[in-house]
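Good morning, and thank you for coming.

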Amino acid sequence: MQPEGLLERPMCGPPKEHRVINRNRTLRQVGLAVSLISLFALTGCGKGAAGNTPEKDATAKMLLAPEDVLTVSSTALASGPSITGSIEPERRADMRAEVSAVVLAVLKENGDPVKKGDLIVRLDQTSIRDTLTSAEASASAADQAYEQAERQYQRMATLIKTGVVSTQQLEDVEIRRNSAQSDRAAARTRVVTARQQLERTEVRAPFDGVVSDRKVSAGDTAAVGKELVKVIDPASLRFEGLVSADSIGQVKSGQKVWFKVHGFSADEFTGVITRVNPAANVTTRQVEVLVSFDEGKKQPNVAGLYAEGHVETQSAAALSLPSASIVNEGDSSFAWRVNGAKLQKVALTLGERDPRTGSFTLRSGLAEGDKVLRFPNASLKDGQEVQTASEAKPALVVEK
C-alpha cells in the first residue's frame, strides 16, 4: 500500500518526461549531421565548378567585330583661333511706322512667309485721307488761278505792242502769273505728300522672306518710328562672330571656318570669311568677323542662334587617335593594339588635341596602319587572345 496522494510510476527506466527530452535531442543531432554532410557535398561541387571556370576563361577568345577595330591613319589636323557669335541674316528689315495712326489689322504672324509687296500691317487712313482730299482741292484751285494769270499775261503782252498798256502794267501781270505758278507747284507737292502718307498706312514686305518678330496688334497706337514687324531673308544667313584681338593677326578673308550651332549639335557647319572689321570693339577688344556658309551645304533655318568654332589658320598631316580609343592611367596614356591574334597594351606619347574632331596627335607608340580597339574597357589583359568575326567558325547545326 502506498500512501494516499503519491503517484504511481514504473519501477524501472527514467520518467516519461526524460524519455521525450532524450528523443528530441537525438533527432536534432541527426538533423545537424545531415546538414553538415549536405554542406560538404555542395562545397565540394562548388570547388570543382570554380576550379573549372578560370581554366575555361583562360582558353576563351574575345570575338571582335569589324566596327570594334580602328586603323591608325594620317589625317589633316587644323588649328587656329576660336570664334564665337550668332547666326544672323544679312537681309533684314525692321518695319516701323512712318505715320501716326491706329493699327487696324496685322495680317501676318511670326514664321509666315511673305513675298515682296505683300500687305503685313494696315493702319487707320481716315485723317490722312482727309488731308489728301484737302490737298487735291487746293491743287485744283491753284491750277485755275494759274491759268487765269497766264491768260491775263498773254493779253497784256499783246496790248503792249499797240501802246495801250505800259511796261509797268505788263510786269505786274507777269509777277502775278509767276506767283500763281509757284502756288500751283506747292499745291501739287502737298497732294503727292498726302498720297505717300496714305500709302504708308499699308506696311508691305520689302523683299521675299519670313516675318520673324511681330511687335503690334490690332488696336495699338503706332507713333512715328514705332517698330511694327521684322522681316528676314533665311537664304541670307551668315555667321557674325568675334575673334580676340590677340589672334586677329592670323585671321584674313578667304580662310575656312568650321563651327557648331546651338540646337544643331549633331551637325558641323563650314564657311569662309568674307570680311574682317578693321576696328575692334571698344569695350570687349574683340574684332567682328563675317562668315558666309559654304554653297550647297546644309544651313540652320533659324536666326539668332549661338555658334562657336575655330578659324582654320594652319593645317598639317599627322597620325591621330580619337579620345575614345585612349586609356588614361594617371599621367600615362595607352592604347590596345591588335597584334595578330593577341592584344598588346601600348604606351602613347600624345600631342595637341584637334578642337574640330577631338582627336589627339600621336608623337610615338603607334604607326600608320596599326589596328587598335575603338572602345577599350577595363577588363582587358595584355596578351589576351582575340578573334575577328570573319575568322570565327560557324556553329555546327545538327539536323534531328
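I start with helix α2, in which I128, L132, A135, A139, A142, Y146, A149, Y153 and M156 are buried. Buried means under 20% relative accessible area, exposed means over 50%, and partly exposed lies in between, with a 1.4 Å probe and protein chains only. Helices (H or I, at least four residues) and strands (E, at least two) are DSSP runs, numbered from the N terminus.

Before I go on, please note that this is a predicted model, in which local features need pLDDT of at least 70 and side-chain atom pairs count only at pLDDT 80 or more, while totals for chains, interfaces and linings use all residues. Residues are numbered from 1 along each chain as its sequence is written, and side-chain values use heavy atoms, with hydrogens and water left out.

An α-helix has 3.6 residues a turn, so residues three or four places apart point the same way. The 34 residues of α2 should span 50 Å at 1.5 Å a residue, and the end C-alpha atoms of α2 are 50 Å apart, which agrees. The expected span is 1.5 Å times one less than the number of residues.

What covers the buried residues of α2? The cover includes helix α3.

A salt bridge is a side-chain nitrogen of Lys or Arg within 4 Å of a carboxyl oxygen of Asp or Glu. The whole structure holds 15 salt bridges. One of them joins R188 and D143, with the closest N and O atoms 3.5 Å apart. R188 lies in α3 (residues 167-199) and D143 in α2 (residues 126-159), so this pair ties together parts that are 45 residues apart in sequence. R188 is partly exposed, at 43% relative accessibility.

A salt bridge also joins R177 to E150, where the closest N and O atoms are 3.0 Å apart. Here R177 in α3 and E150 in α2 are 27 residues apart. R177 counts as buried, at 13% relative accessibility.

Now consider R184, which is also found in α3. R184 is buried yet has no salt bridge; D143, the nearest side chain of opposite charge, is 4.0 Å away. Lys and Arg count as positive and Asp and Glu as negative, while His and the chain ends are not counted. Leaving aside residues up to four places away in sequence, R184 touches A142, D143 and Y146; contact means heavy atoms within 4.5 Å.
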